[in-house]
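Hello,

Here is the structure we discussed handing over. Please have a look, then read my notes below.

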Amino acid sequence: MPGSNEMSHSDQMLGSPTTPQGSTMLRGNATARLRQVFFPCLLGTLLSLGTLLPFNASSQVDPVGSERQSSYVLMSSDTKAMQDDPTLNPATFAVLDGQVLWQEVAGKKNQSCSSCHGDAAVSMKGVAASYPKVSATGQLLNLEGRINQCL
Amino acid sequence: MSKTSRTIVTMPATAKKGEILEVRIIVQHDMESGFRHTETGQRVPRDIIRDFRCTYNGAEVFRVELHPAMGANPLIVFTTVATESGTLEFKWSGDNDYASSTTSSLTVT
């Protein structure tokens, strides 16, 4: 079953390495996300017991802050080169599949993702790293669940 | 729903005569080994790419026989010598009448 073929004629990479669109990869520390939930609860109980201490909400909710880094910076140069090369990385196909799915119509509203969100590279930049998260109703929401809410 | 099977070929577009070219090919294919079972105990039948050939202006320069031990999305990296300008044609064939082909042109100075 021959499908669409793509070729790169030069020995350069297929464009610069970018965050895969529509990916469900988690960047950053998963336990840091849990801390974001538990820290406010702990602080709430402490404050109710003691005096009212003014605190910077953002620094307590996000204790890592600007020190957060991807483990990419800890890799050796060989490993980085291997990950950066899209011609060797089979995850390139997942990225290309995602680009196709972005345009496909699905769900009871018969819409595609692109009909509301336009270009994924612009509107969805960095979105996957923020999931799973606690929704407004207090439930844990992952990326698949969020897509189901859209549909 | 049939699955898409893309192929990505990476090789230089130009080369000097006699130069060694590195060709990298990766093809999107699940390569079902035939040894897995579903949750109900049914064996998932084998569905793999069996054969890969590369011809350089019609002459075969590289051939691979693939077996169930090969994992999904097989990556093949091989080298060939640039002798003349022309096209390299890559063909895959496998179980369930799987066939895929792509070409890449090369200019040899």
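What pattern does chain B follow, read along the sequence? The pattern is β-β-β-β-β-β-β-β. Chain B has eight strands and zero helices. Both are DSSP runs, numbered from the N terminus: helices are H or I with at least four residues, strands are E with at least two.

Two notes on conventions. This is a predicted model, where local features need pLDDT of at least 70, side-chain atom pairs count only at pLDDT 80 or more, and totals for chains, interfaces and linings use all residues. Residues are numbered from 1 along each chain as its sequence is written, while chains are lettered from A and ligands numbered from 1 in the order in which they are written.

The sheet in chain B

Five strands form an open sheet in the order β2-β8-β7-β4-β5 (chain B), with mixed pairing. Strands β2 (14–15) and β5 of chain B stand at the edges; each has a single partner strand, so one side of each is left without a neighbour in the sheet. Pairing here requires that DSSP finds at least two bridges between two strands. β4(B) and β7(B) (residues 86–94) pair in the antiparallel sense over seven bridges. Ile49(B) has Gly94(B) in β7(B) as its bridge partner.

The core

The largest nonpolar core has 19 residues. Such a core is a set of buried Ala, Val, Leu, Ile, Met, Phe, Trp, Tyr and Cys residues joined through C-beta atoms within 7 Å. Buried means 20 or more other C-beta atoms within 10 Å of the residue's own, with C-beta atoms placed from the backbone. Residues with the most contacts inside the core include Ile49(B), Leu88(B) and Phe90(B). β1 (7–10), β3, β4 and β7 of chain B each give two or more residues to this core.

Ile25(B) touches Thr7(B), Val9(B), Ile76(B) and Phe90(B), not counting residues up to four places away in sequence. A contact means C-beta atoms, placed from the backbone, within 7 Å. In chain B, 55% of the contacts with a separation of 6 or more are between residues 24 or more positions apart. Buried residues make up 25% of its 109 residues.

Backbone points to check

Met31(B) is not a glycine, yet has a positive phi of about 50°. Met31(B) lies in the loop between β3 (20–27) and β4 (49–56) of chain B. Asn73(B), also not a glycine, has a positive phi of about 50°. In chain A, a cis peptide bond joins Tyr131(A) and Pro132(A), with omega about -5°.

Best wishes

Key:
A residue is buried if 20 or more other C-beta atoms lie within 10 Å of its own, exposed if 12 or fewer, and partly exposed in between; C-beta atoms are placed from the backbone. Two residues are in contact if their C-beta atoms, placed from the backbone, lie within 7 Å.
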